[in-house]
Amino acid sequence: MFPFCSMTIGTSRQFGFFILVRLLDLVKFFLPILPEVEFPYERISFDERVVFTVASGIIFLFGQLPIYGLVANAQFKIIDPLYNFRTIFAMEKGTLLELGLLPAITAGFIWQLAVGLKFLNVNLNLAKDRELFQTGQKLTSFFLSVVYTAGLIYSGYFDNVINGYDVLSDSLPLGWYAFIFVQIVGWSFFTTLLIEVFDKGYAFGSGILCFLTLQTATNVIKDLVGLEIFPLINSNKSETYGALSNLLKSFTSFDLTVLKQNIINAFTRSQLPNLTQFYISILSILVVIFLQNFRIEIPIRSTKVRAANNVYPIRLLYTGALPVLFTYTVIINIQIFGYFLVSILTKYNVSPSLVALIGKYNVPSFANNYQLTTGVLFYISNSSSIIASLLSPIKSVVYVAFSIVLSTWFSQKWCYISGSGPKDTSKLFKDQGISIAGKRDISITKELSRVIPVAAVSGAFSLIALALAGEILGGLGKGVSIIVGVSSAFGILEEFLLEYQQTGGNSQFSSAFGGL
Amino acid sequence: MSSSSAQAPGGLRSVAKRKATADKKAQSSSATPLSTRSAGAGGSSSTMMKLFTDEAQGLRVDPLVVLFLAVGFIFSVIILHVFAKITGKFT
């Protein structure tokens with residue numbers, strides 16, 4: 001009856017292949033309409049790469065422009081269900097970067113893990129399959145941005161900040177919804193293309209990590225010394241955005257009781273960045289730099305040249321900050337889809353006690369956030385302060401355990417599937433005529449697999465432990481974004497310096513700034 | 001029957017061993033790479049996450065075009081904001 005009937009009845013392997021063909025065909029259908037950044041015709045010079053990096057970075061930061069159609073200072077009026085995770089993904093409330101890098105990161109992890117763990121039978125040796133694989137990631141990124149934006153609009157996330165719209169009396173502002181949708185999805189689309197410009201070798205590092213680093217760096221400065229003054233919700237006070245500038249301003253009062261109150265407020269305020277988060281950030285930077293230095297040096301020797309000895313370093317942070325990033329990608333996706341589910345079920349009048357199993361949100365009077373009070377979502381969310389963490393110990397333990405398990409599992413898998421596992425490294429050694437001193441060629445893989453997975457897992461564990469320490473103390477994602485940012489910055493800097501040394505001083509920049 | 005008689009004599013056992021190694025070798029040589037990097041095409045490394053490695057058939061654009069289009073998008077949003085401010089003043 002059906003031509004493919006005989007194919008479906010077979011071993012599971014054939015069945016998997018059958019699904020693969022269908023999936024890749026689906027991607028193929030979109031190929032002609034998706035924009036594709038060209039590869040450079042000739043080698044990109046060092047100077048051009050610097051210009052591309054800086055230019056795309058600045059354009060990316062332009063995304064902090066407020067969305068057209070929202071009231072002024074919308075970021076303080078939106079009631080936010082994702083307040084505790086959004087900094088990690090460069091998601092800026094009420095701006096074009098509402099989704100930040102979340103669609104691209106989620107799409108990348110889904111595809112690369114699916115292929116690495118052999119859920120999909122893609123043969124990456126074939127250029128054709130690789131092309132479809134990458135187009136699949138791009139398509140998924142676009143698709144996810146549409147889903148997230150539609151979900152946010154449907155759940156009424158923007159309702160109380162749309163210009164001239166009254167939730168109680170007006171009919172649905174479909175025109176404004178369309179405007180908001182086009183802006184967020186459009187900017188997400190351009191962000192993905194900018195990432196592609198990075199990844200194709202026009203700029204340094206990977207697009208995702210470079211943008212995350214940039215966003216984190218600007219945010220740390222803004223959180224510390226931001227000078228804008230914003231009115232607080234449910235109060236008649238206005239406060240300075242930056243934590244330090246707010247503290248300094250409080251010293252203008254000489255009344256001791258007011259001063260004491262102001263200082264306590266500087267550490268605990270919840271609508272604007274506070275000093276606790278700042279200290280967590282600083283400590284995280286220092287610890288990451290400290291951890292970055294740990295490595296095992298494997299003595300290597302050349303198999304071709306006599307007495308050419310060297311060491312091959314294997315870092316403790318072998319997988320960098322990717323396990324931490326992966327963990328939070330999973331958590332934020334659970335949170336965001338959970339939020340959508342709760343708002344859909346509420347709209348269809350499902351009984352509140354059933355919805356509370358998933359999650360129940362509560363808006364405290366002193367903050368503009370949806371805070372979880374119970375449900376599955378509550379147990380995998382962080383706390384806003386150390387007191388809150390201690391008051392709900394079960395939740396803290398569940399959250400910590402969940403994160404650690406995800407992170408170590410990922411690092412253990414990733415060090416094999418990222419193409420830098422023991423086998424790949426020993427192949428690299430063989431190609432370059434390198435051998436471990438005092439070992440035979442055959443046992444290189446064995447020797448490396450004694451070191452690499454252990455380094456990856458313990459490195460991932462120490463980073464996630466650092467991240468969670470910050471979270472328990474009330475870092476609200478700031479510490480995590482710093483950890484991802486700093487360790488990515490190290491990777492990017494490494495690539496930058498390598499490239500700089502290889503140009504051999506032929507750079508206009510180095511001759512212009514060399515005399516400084 | 002005792003277990004010792006179930007075991008094949010030495011010769012056969014080494015044949016079985018040889019077959020196991022051959023199978024293992026064939027499996028490892030026919031195994032497809034797990035990532036674009038292990039296929040030798042760049043992409044995500046252990047610390048860097050990259051999405052795009054190849055040039056697919058599609059609407060090919062220059063990177064500069066992407067940058068200019070992105071700037072154009074930003075400017076269209078800015079212009080919308082400016083218009084809203086201006087019309088808001090007069091009405």
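1. In this predicted model, A:Glu36 has B:Arg60, in strand 1 of chain B, as its bridge partner. The two strands concerned, strand 1 of chain A and strand 1 (residues 59-61) of chain B, run in the parallel sense and are paired over three bridges.

2. The contact between the chains draws 60 residues from chain A and 41 residues from chain B. On the side of chain A that touches chain B, at least two residues each come from strand 1 (35-37), helix 3 (46-61), helix 5 (102-116), helix 6 (127-154), helix 7 (174-202), helix 8 and helix 16 (393-417). The greatest contribution to this side is made by helix 7 of chain A, with 12 residues. Sorted by class, the side of chain A that touches chain B comprises 33 nonpolar, 19 polar and eight charged residues.

3. Within chain A, helix 8 (residues 207-225) packs against helix 19 (residues 478-503) at an angle of about 125 degrees, and their axes are 8 Å apart. Helix 8 of chain A is therefore oblique to helix 19 of chain A. The crossing of these two helices of chain A is left-handed.

4. Which residues of helix 8 of chain A meet helix 19 of chain A? Helix 8 contributes A:Leu209, A:Cys210, A:Leu212, A:Thr213, A:Thr216, A:Ala217 and A:Val220. Facing them in helix 19 are A:Ser481, A:Ile482, A:Val484, A:Gly485, A:Ser488, A:Ala489, A:Gly491 and A:Ile492. The residues of this contact between helix 8 and helix 19 of chain A are nine nonpolar and six polar, with no charged residue.

Methods:
Residues are numbered from 1 along each chain as its sequence is written. Chains are lettered from A and ligands numbered from 1 in the order in which they are written. This is a predicted model: local features need pLDDT of at least 70, side-chain atom pairs count only at pLDDT 80 or more; totals for chains, interfaces and linings use all residues. Axes are lines fitted to C-alpha atoms, for helices over the stretch in contact, and angles run from 0 to 180 degrees between N-to-C directions. Helices (H or I, at least four residues) and strands (E, at least two) are DSSP runs, numbered from the N terminus. Angles under 35 degrees count as roughly parallel, over 145 as roughly antiparallel, 65 to 115 as roughly perpendicular and the rest as oblique. A crossing is left-handed if the near helix is turned anticlockwise from the far one by less than a right angle, and right-handed if clockwise. Two residues are in contact if their C-beta atoms, placed from the backbone, lie within 7 Å. Ala, Val, Leu, Ile, Met, Phe, Trp, Tyr, Cys and Pro count as nonpolar, Asp, Glu, Lys and Arg as charged, and the others, Gly among them, as polar. Two strands pair if DSSP finds at least two bridges between them.
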